[in-house]
Amino acid sequence: MASSAIASNSTPFINQVKNAMTMTEKIFARASEKPQLSPGENVWVNVDILMTHDVCGPGSIGIFKREFGQNAKVWDREKVVIIPDHYIFTTDERANRNVDILRDFCTEQNIKYFYDIKDLGNFKANPDYKGVCHVALAQEGHCRPGEVLLGTDSHTCTAGAFGQFATGIGNTDAGFVLGAGKLLLKVPPTLRFVMDGEMPNYLLAKDLILQIIGEISVSGATYKSMEFVGSTVESLTMEERMTLCNMVVEAGGKNGIVPADSTTHKYLADKTSLPYEPVYSDDKARFLSEYRFDVSKLEPLVAKPHSPDNRALARECKDVKIDRVYIGSCTGGKTEDFLAAAEIFLASGKRVKVPTFLVPATQKIWMDLYSLPVPGSGGKTCSQIFEEAGCDTPASPSCGACLGGPKDTYARMNEAQASFDVFSVCVSTTNRNFPGRMGHKEGQIYLASPYTAAASALTGFVTDPREFLQ
């Protein structure tokens, strides 16, 4: 196959080497029907999937109707995925109205993939409801290698874990894509992150991405592609690769991307029947910079308030008293994240010392907490271990308090705890710790892995998980 492709190509071989491309450049070239692209070029890119949710969907729909006409039809009803997930379990009338707008639009347009929720009192009564869009996209088979996925949410970059180009766009762009099925995009240059070495049993992908963001800063990858390779990356599960790609936007990244391999194909085997074609960076591809990490030498990390690049070793923060722990979100609310937390609680045999809030990302993950046995537990599930440890009962799946939300959002940081001179201090498996991100602007958020979050819950202080894992 390779030889025939070369034989049918009239371009001299020396030019092929000269014009070698990265993964992201190849995806752009294919989606814009161009033989060759370089960073900085602006091209019309055909979109494979457009995702929107309850916060940005109504605005995108309004722009679509204004620009294309009140009776216009979307470019492809099977390529639009609409997922209510942000402000769901609330009595806020405007938040509820947003979901109604999505429902009316999906009925009008006969949208195939609308994951609706009507009964807010019992999410399980809504079989179509999924939860957090970025995790649901993967679980429902909308992520495929080599494709272009755009979403009205900055953490759409999560899907890059599948070897595709995935990035967040604004409502205006989404309104245009709804009608045209394409978008004008600039080809980003690529930063390459090579991670080798055996992953210690006390580290998770969250530690890896906090290490990288701490290294290059929150603006270090502005409008750049972040490509992750190396033996450590190859050893990661799909959920862990999703964590890695999820936070590239916290470094300013346009997209994150991991080469598809057998792990990818195995995950997708029972999720999509559509054909896909992976792409890989050429050996001679040009990278703006390359960063190398020996993962075996890294330690558990946190990002201190109020920036994801305010990196510190967890053990250096052992005197920081906390009053809550939050395990959830597209970053840290996946099945493996909860299994990791359960592993810490199981190893300690102790009860938590601060309120510990658990918010599964999707309905499927919520079910996993009540059905999957935790390794080494003698058959106990996560929910049983969490109950024995004194955690809050797992909440209804949604984005929850990750981005604050209406005042009645579960686990939102609203006011100071009575025993504290300062406002709440939270260790969280989420992705951002800016002032006001999880509610009150005085709240302090330490971003951490599920291991570190669970360990901190057990002590009431920011805690290195090695205290319980070794």
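The model is predicted: local features need pLDDT of at least 70, side-chain atom pairs count only at pLDDT 80 or more, and totals for chains, interfaces and linings use all residues. Residues are numbered from 1 along each chain as its sequence is written, and side-chain values use heavy atoms, with hydrogens and water left out.

**Nonpolar cores**

- The largest nonpolar core has 103 residues; a nonpolar core is a set of buried Ala, Val, Leu, Ile, Met, Phe, Trp, Tyr and Cys residues joined through side-chain atoms within 4.5 Å.
- Buried means under 20% relative accessible area, exposed over 50%, and partly exposed in between (1.4 Å probe, protein chains only).
- Among the residues with the most contacts inside this core are Phe 162, Met 195, Phe 228 and Phe 386.
- A second, separate core of 34 residues includes Ala 29, Val 47, Val 148 and Leu 178.
- Leaving aside residues up to four places away in sequence, Phe 228 touches residues including Phe 193, Met 195, Leu 244 and Pro 259; contact means heavy atoms within 4.5 Å.

**Aromatic pairs**

- The structure holds 14 aromatic pairs; rings of Phe, Tyr and Trp (its six-membered ring) pair if their centres lie within 6.5 Å, and planes under 30 degrees apart count as stacked, over 60 as edge-to-face and the rest as tilted.
- Phe 28 and Phe 165 are an edge-to-face pair, because their ring centres are 4.7 Å apart and their planes stand at 85°.
- Phe 28 belongs to helix H3 (residues 23–31) and Phe 165 to strand E6 (residues 165–168), so this pair ties together parts 137 residues apart in sequence.
- Helices (H or I, at least four residues) and strands (E, at least two) are DSSP runs, numbered from the N terminus.
- Both Phe 28 and Phe 165 are buried.
- Phe 123 and Trp 366 are also edge-to-face, at 5.1 Å centre to centre with 80° between the planes.
- Phe 123 is buried at a relative accessible area of 4%, and Trp 366 is buried at 13%.
- One aromatic cluster is formed by Trp 44, Phe 64, Phe 68, Phe 105 and Phe 176.

**Sheet**

- Five strands make an open sheet with parallel pairing, in the order E4-E3-E2-E5-E6; two strands pair if DSSP finds at least two bridges between them.
- E4 and E6 each have a single partner strand at the edges, so one side of each lacks a neighbour in the sheet.
- Strand E2 (residues 49–53) pairs with strand E5 (residues 148–151) over three bridges.
- Met 51 has Gly 151 in E5 as its bridge partner.
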